[in-house]
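Subject: Structure handover

Hello,

Here is the structure for your files, with notes on what turned up in it. Please look through it before reading on.

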Amino acid sequence: MLVDRWRTALAVSGRGIPVSGRPALVLVLLGILLAMVTALFMTYDLKGSLDFALELRGRKVGGMLLVGFAVAYASVLLHTITNNRILTPSLMGFDALFVLIQTGAAFLFGTLAFLAIDVRLRFGIEVGIMLAFAAILYRLLFGGENRDLFLLVLAGIITGTVFSSLTALIMRVLDPNEFLTLQDLLFANFSTVNRDLLLVSAAAVVVIIVANRPLLAQLDAVAIGREHAINLGVNHRAVVRQCLVAIAVLVSVSTALVGPVAFLGLLVSNMAYQLTGTFRHRYTPAAAGMIAAIALIGGQFLLQEVFASVVRLSVIISFIGGIYFVLLLLREAGR
């Protein structure tokens with residue numbers, strides 16, 4: 001059977017699952033820790049109306065769970081199809097495009113007028129633009145028979161740089177008052193998650209994850225290289241295309257819901273590889289998702305309840321993730 005051949009190849013490549021039950025044990029422990037962190041966040045120092053407090057905190061937790069699993073799942077898929085652990089979906093230009101959308105709208109219509117638009121319409125516009133960008137990029141650079149996946153990644157990085165440059169140019173001519181109001185839109189915010197948008201986003205993320213579940217065994221083969229996967233009977237091109245669509249939807253929805261969380265996927269996916277001791281997709285996406293959720297919920301709790309800090313959690317994650325990204329580059333360069 002193909003599955004047996006994939007498992008044999010994975011074992012030969014040194015990336016197979018250990019004979020012990022370490023990955024399953026890690027998933028159980030992460031699940032327990034996630035439940036504990038969530039319960040602490042939901043119940044700590046409850047005051048006033050319990051219904052209102054629990055509903056408000058529930059939306060925050062729901063947003064962090066959704067973003068954590070979406071970004072983590074997208075990062076693991078990107079690492080698998082590129083066979084590169086130092087890439088992150090934010091490098092593909094989605095985060096930079098989101099910031100450009102917010103900045104351009106503030107410049108053209110004014111921040112207050114833009115914020116006055118129905119939040120569901122804004123969400124739809126933002127997701128639509130990011131998916132359209134992904135579709136054009138994929139079509140132009142991955143539509144032919146001889147297109148290189150790394151050319152697609154490089155194009156994403158270049159377009160992201162262009163978007164960032166355009167954003168910087170617009171900010172220079174933006175009214176200072178508009179700029180002050182705009183700043184809050186440029187960082188991930190879990191405190192104002194809309195319930196309707198959360199439900200729509202959750203449905204999209206669940207559909208993508210369930211639809212890609214049959215690919216997990218094939219992704220194990222893709223992880224050991226394109227040639228090996230093809231020799232094992234995997235339709236490599238079809239798997240990569242489906243993964244690219246999943247990455248685009250997951251990143252677009254999560255970014256439009258709360259804002260960009262750069263480097264989160266890079267951190268949690270590599271932590272998942274280290275903790276589970278395997279690259280098998282039966283374990284790594286779930287482990288990365290739970291690590292991301294624990295980091296977001298636990299980090300938000302510490303900032304909100306312990307340190308009473310006004311610093312956004314996304315800023316701290318970007319700072320730590322940036323340092324980790326540099327360390328990964330240095331380690332790869334030293335090999």
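How many helices and how many strands are there in the chain? The count is 15 helices and zero strands. Please keep in mind that this is a predicted model.

Confidence comes first. The chain has a mean pLDDT of 82, with 89% of its residues at 70 or more. Helix H2 (residues 22-43) has the highest confidence, at a mean of 92, and helix H1 (residues 2-13) the lowest, at 44. Where pLDDT is low, predicted coordinates should not be read in detail.

Next, the overall packing. The chain has 335 residues, and 49% of them count as buried. Among contacts with a separation of 6 or more, 80% are between residues 24 or more positions apart. The accessible surface is about 16,100 Å², and carbon and sulfur atoms account for 68% of that.

The largest nonpolar core has 91 residues. Those touching the most other members are Val67, Phe94, Tyr138, Phe190, Leu257 and Leu296. Helix H12 (residues 236-258) is the main contributor to this core, giving 14 residues. Another core lies apart from it, with eight residues that include Val99, Leu174, Leu182 and Leu186.

Phe190 is worth a look in the viewer. Leaving out residues up to four places away in sequence, Phe190 touches Lys60, Gly63, Met64, Val67, Val258, Val261, Leu296 and Gln300. Two of these, Val67 and Leu296, are also on the list of core residues that touch the most other members.

His79 sits in helix H3 (residues 50-82). With a relative accessible area of 4%, His79 is buried, because the cut-off for that class is under 20%. Setting aside neighbours within four places in sequence, the contacts of His79 are Asn84, Arg85, Leu87, Leu266, Ser269, Asn270 and Tyr273.

On the surface there is a nonpolar patch with about 880 Å² of accessible area together, formed by Phe187, Val311, Val315, Ile316, Phe319, Ile320, Ile323, Val326, Leu327 and Leu330. One of its members, Ile323, lies in helix H15 (residues 313-333). Ile323 counts as partly exposed because its relative accessibility is 42%, between the 20% and 50% limits.

Regards

Notes: Residues numbered from 1 in each chain as written. Predicted model: local features only at pLDDT ≥ 70, side-chain atom pairs only at ≥ 80, totals over all residues. Heavy atoms only, no water. Patch = residues over 30% accessible without salt bridge, like charges linked within 9 Å, V, L, I, M, F, W, Y side chains within 5 Å. Areas by Shrake-Rupley, 256 points an atom, 1.4 Å probe, with all protein chains shown as cover. Salt bridge = Lys/Arg side-chain N within 4 Å of Asp/Glu carboxyl O. Helix = DSSP H or I, 4+ residues; strand = E, 2+ residues; numbered from the N terminus. Buried < 20%, exposed > 50% of the residue type's maximum accessible area, 1.4 Å probe, protein only. pLDDT = per-residue confidence, 0-100. Core = buried A, V, L, I, M, F, W, Y, C linked by side-chain atoms within 4.5 Å. Contact = heavy atoms within 4.5 Å.
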